[in-house]
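I opened my notebook today to look around one structure. Here is what I was looking at.

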Amino acid sequence: AKQLLFLLLTMRTLPVEKEKLMLFLWPDAENKVAKRNFKIVLNELTKILEPDRKPRADSKFIIKQDASLQLVMNEDCQTDVALFEQYVSSGIRLARTNQEQAKGTLLTALSLYEGEYLAGEYLDDLSLRERDRLQLLALKGGERLAAIFVEQKDYEKALTWADWILNIDNCWEKAYQLKLQCYGERHDKALLERVYRQCGTVLENELGVEPSAETRNLYKKYRI
């Protein structure tokens, strides 16, 4: 039942064919067995979601459309994932016109990101792709927020968010660039040097590449 809920959550924006769900859940099972299993699991899930639902009554949370199912997203059923996506997208868009509103929106968004999507659970390929997508969205939101703090010369907060990014993905080169800007503007050449060396070491060890021209030029600009 839990795996079915994860699938419906991951594919929440559109109805999903039952056959597709069965293939994800029991890829090697015969069609007859998969159908029987699906009926049992779906019944179990609806009982968990709606313990007081009367027998044969329609579910408030799972809509059946012909041979498809869809998880309902409304005031009675909301997810932090949907809110996170909404706030990050809005914050990045606002950053072009209103930095203060963008900061507040991005801070709200990133407070909802508490780590990997469905962390600790066994996930199918589709849910793993969703995990990667949401992580990328968090990284972009964190980068935009840190950049706003740099532009406002609030270097301490910019450094905090750059480090937040690197705790998620230590190869996110833009975070190193933001840190170089902060230390460069603060005329802290010792930390400037340390960050540049750290960036080079991580990129070499993890990806087999050297810092980009943009990073090298930024380092040279402030090293003088």
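**Ground rules.** The model is predicted, so I note that local features need pLDDT of at least 70, side-chain atom pairs count only at pLDDT 80 or more, and totals for chains, interfaces and linings use all residues. Residues are numbered from 1 along each chain as its sequence is written, and side-chain values use heavy atoms, with hydrogens and water left out.

I looked up strands β2 (residues 62-65) and β3 (residues 68-71), and found them antiparallel and joined by 4 bridges. Strands here are DSSP runs of E, at least two residues, and helices are runs of H or I, at least four, numbered from the N terminus. Two strands pair if DSSP finds at least two bridges between them. The hairpin has 2 residues between its strands, and Asp-66 takes a positive phi near 55°.

**Ser-68.** Is Ser-68 buried or exposed? I found it buried, because its relative accessibility is 13% (buried is under 20%, exposed over 50%, partly exposed in between, with a 1.4 Å probe and protein chains only). Ser-68 lies in strand β3 and is the bridge partner of Gln-65. Its contacts (heavy atoms within 4.5 Å) include Pro-15, Val-16 and Ile-63, leaving aside residues up to four places away in sequence.
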